[in-house]
Amino acid sequence: MMRDTVASTTVTSIGYDEPTQTLEVEFSSGSIYQYYNITAFLYEQLMQAPSKGQFLHANIRNAYPYSRVG
Amino acid sequence: MASSDPSYLGVVTAVSGSSVTVKLSESLASGIAIIGGHTYRVGQVGSFVRIPLGYQDLFGVVAEIGASAAQSTPGPKVAYGDRWMRVELAGEAIGNHFERGLSQHPNIDDTVHIVTESDLRRIYGGQDENQVSIGTLSSAENIDVRLSLDALVTRHSAILGSTGSGKSTTVASILRSIVGHGGEAGSPGARILLLDIHGEYASALGDVAKIFSTTPQPGECPLYVPYWALEAGELLEFVAGGLSDNQLIAFTDKIQDLKSERLAALPLPGLQPQSLTVDSPVPFSLRRLWYDLIDFETATFTGPQRDQPALVSAGDANVLEPPSYTPHAMGNAGPFLNTAAKGIRRQLNLLRSRLLDRRFDFILHPGPWEPDLEGVAEQDLDTLLANWLGHDKPLTILDLSGVPSAVLVRLIGSILRIVYEALFWSREKTEGGVLRPLLVVMEEAHRYISPDAGNVASDVVRRIAKEGRKYGVGAMVVSQRPSEIDETILSQCGTLIALRLSNPADRARVKGALPDNLSGLMDLLPVLRTGEAIIAGEAARLPVRTRVFLPRQEHLPKSSDPEVTSAWSKRRVAEGYDRVVASWRAQRTTAVVNQLAIDRVQIPPENGEQMPDDA
């Protein structure tokens with residue numbers, strides 16, 4: 001897939017479900033993704049990161065399974 | 001001999017039919033001529049030559065070049081190294097007026113000249129309003145190639161090329177040339193409908209198009225095709241499967257009843273009750289059709305006259321729950337079966353499962369166009385057509401990438417039928433096809449207008465190809481397998497835009513669609529560069545080898561091929577195939593295993609943050 005580095009996609013909202021270790025992220029494009037097997041520790045790190053998008057890209061996106069849900 | 005004229009190429013040595021053999025001048029051994037400050041490459045296959053004959057100029061295309069003498073011609077033996085070329089004559093010009101066809105032939109020793117920019121301007125007639133510039137000549141990149149927009153749309157066209165030859169880019173580029181680049185002049189009032197099978201064009205043409213999709217992304221509109229606008233036979237074949245004559249009558253009678261009932265309750269403009277047919281686009285409820293027919297099929301009766309229904313529970317048409325009757329019994333006491341039953345229970349069961357199948361929602365449950373049990377829908381067809389054809393963007397993209405292939409052909413057939421019928425009957429209105437013509441671009445046409453794909457879509461495409469010209473509906477057929485496209489349709493395409501094609505069967509089909517003397521040009525098909533095309537036919541004055549304009553990076557169609565190397569080079573992360581199965585069962589790509597209600601907190605926008613768009 002072509003990585004389109006021109007488009008800037010920011011995170012609009014983030015949610016977390018601890019029992020199922022599911023992270024849900026809404027991007028400004030409107031699409032919603034769920035990331036699985038995310039520990040509560042990682043989620044807290046994400047919430048404290050100054051740039052959510054960069055943190056997601058660096059630590060979560062290529063390391064955990066995900067699925068588009070909306 | 002005018003050897004001081006820099007455009008001089010050589011002399012005619014043989015003429016046979018429309019084919020002319022030319023002996024090249026020795027002064028052109030370098031292969032390059034500089035005329036008026038521009039460099040021209042001499043003797044390129046596919047380039048043009050001019051043969052002046054008094055007031056007339058004949059124009060031809062170079063088809064073949066050789067370095068030994070043309071052996072078949074008798075006469076004194078020519079020294080080794082003499083170069084010749086075979087030229088196929090295509091047309092002639094008197095003054096500034098160019099015409100296809102020939103009124104006379106050249107003779108031996110007539111001079112042959114290279115075609116310069118000013119000659120081409122004569123051929124292409126300057127900057128006429130109906131000419132659209134779509135690319136540059138391959139041999140001279142300073143000369144734009146223009147096509148006649150009128151002929152391109154009304155006489156139909158075909159864009160053919162192997163995978164990877166730049167078909168989608170060519171389509172995107174031509175459409176963008178038609179509607180105008182950004183602020184540039186073009187046809188802002190164009191009306192183009194693009195059937196996008198792979199979802200490639202939303203990114204390429206999104207800024208000039210309204211996009212409909214069965215799985216809409218943010219900013220796109222949902223695509224609905226109301227079933228009740230289809231012809232009854234076509235609809236029944238889809239929802240009820242194969243029907244015998246008697247069974248078909250049972251269904252069509254009921255549909256006719258429901259439609260006339262609907263019309264009596266709430267008249268529709270333009271439709272007289274006495275002219276109502278089973279094919280009239282009148283809303284009716286499929287659930288009601290199913291319920292009424294299944295009720296009749298399963299009813300049992302009691303009583304001495306056998307006319308008292310032995311109803312146990314009435315069921316519910318809205319949730320497709322069948323009515324239940326006391327089972328029939330042998331003997332004289334009853335209950336008795338309905339002797340008039342039509343024997344269509346199997347077909348009704350298929351109808352019920354079609355209505356429950358989520359994959360067909362966009363056609364059987366078409367959102368605001370879905371009628372209730374009384375046949376009253378929230379929206380009528382006018383809003384549907386206004387959505388598709390009457391918006392302020394010149395282009396409508398119907399993204400069909402989410403449609404299961406089992407219904408793709410039917411869906412396309414239905415869309416084209418609705419659009420064509422509407423424009424056909426409104427041909428004397430300003431919104432009709434004659435006064436506001438429509439161009440339908442059919443991507444991957446071999447998938448739905450091949451003889452194997454059945455008749456659902458090819459019938460209506462064939463109609464557009466044959467008679468669309470009179471009613472202002474033009475077709476642009478795009479395919480990588482020309483040999484699989486219905487021959488009638490391809491032969492009706494007045495303009496052929498052929499990109500690189502390597503399969504021999506496909507090339508033969510393209511060659512067959514061209515006049516004989518130009519088939520030599522089509523021998524170039526396997527060696528065309530990506531994005532290079534041979535354009536021949538009504539819209540092009542002369543058959544021409546063209547480099548189609550490359551759209552800007554952000555306006556390129558999205559190639560959706562997976563990146564195998566980079567995907568396989570990463571270590572596998574934990575996989576959950578339960579999610580895979582959940583999506584499969586739900587027939588929805590966004591399905592999840594556990595429906596979680598996760599509250600998301602809003603994140604304030606950050607500046608300067610960059611993310612790949614597919615995260």
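Start with strand 14 and strand 15 of chain B, which pair in the parallel sense over two bridges. Within that pairing, Ser213(B) has Pro222(B) of strand 15 as its bridge partner. Keep in mind as you look around that this is a predicted model.

Is strand 14 of chain B mostly covered or mostly open? It's mostly covered, with four of its five residues buried.

Time to zoom out. These strands belong to an open sheet of 12 strands in chain B, with the order 11-10-26-25-24-12-23-22-13-21-14-15 and mixed pairing. At the edges stand strand 11 (144–148) and strand 15 (221–222) of chain B; each has a single partner strand, so one side of each is left without a neighbour in the sheet. As for what holds such neighbours together, strands of a sheet pair through backbone hydrogen bonds, either parallel or antiparallel.

Elsewhere in this sheet, look for strand 22 (residues 438–442) and strand 23 (residues 473–479) of chain B, a parallel pair with five bridges. Here Met442(B) has Val477(B) in strand 23 as its bridge partner.

Helices lie across these strands too. Helix 12 (residues 456–471) of chain B lies across strand 22 and strand 23, running at about 140° to strand 23. Helix 10 of chain B lies across strand 14, strand 21 and strand 22, and its angle to strand 14 is about 125°.

Helix 10 also leads us to a pocket. The second largest pocket has a volume of about 1200 Å³. It is lined by 29 residues, and the closest to its centre are Pro281(B), Leu381(B), Leu385(B), Ala422(B) and Trp425(B). Helix 10 (381–389) and helix 11 (405–425) of chain B are the elements that give two or more residues to this lining, and helix 11 supplies the largest share, six residues. By type, the lining has 14 nonpolar, five polar and 10 charged residues.

Before you go, find another open sheet in chain B, one of three strands in the order 17-16-20 with antiparallel pairing. Its edge strands are strand 17 (308–309) and strand 20 (336–337), each pairing on one side only. Strand 16 (residues 300–302) and strand 20 of chain B run antiparallel and are joined by two bridges, with Thr300(B) opposite Leu337(B) in strand 20.

Conventions. Residues numbered from 1 in each chain as written. Chains lettered and ligands numbered in written order. Predicted model: local features only at pLDDT ≥ 70, side-chain atom pairs only at ≥ 80, totals over all residues. Heavy atoms only, no water. 1 Å grid on protein atoms, 1.4 Å probe; cavity = no way out; pocket = protein on both sides within 12 Å on 5 of 7 lines; lining within 4 Å. Points joined across faces, edges and corners; volume = space filled by probe spheres on them. Nonpolar A, V, L, I, M, F, W, Y, C, P; charged D, E, K, R; others polar. Pairing = 2+ DSSP bridges. Contact = heavy atoms within 4.5 Å. Axes fitted to C-alpha atoms, helices over the stretch in contact; angles between N-to-C directions. Buried < 20%, exposed > 50% of the residue type's maximum accessible area, 1.4 Å probe, protein only.
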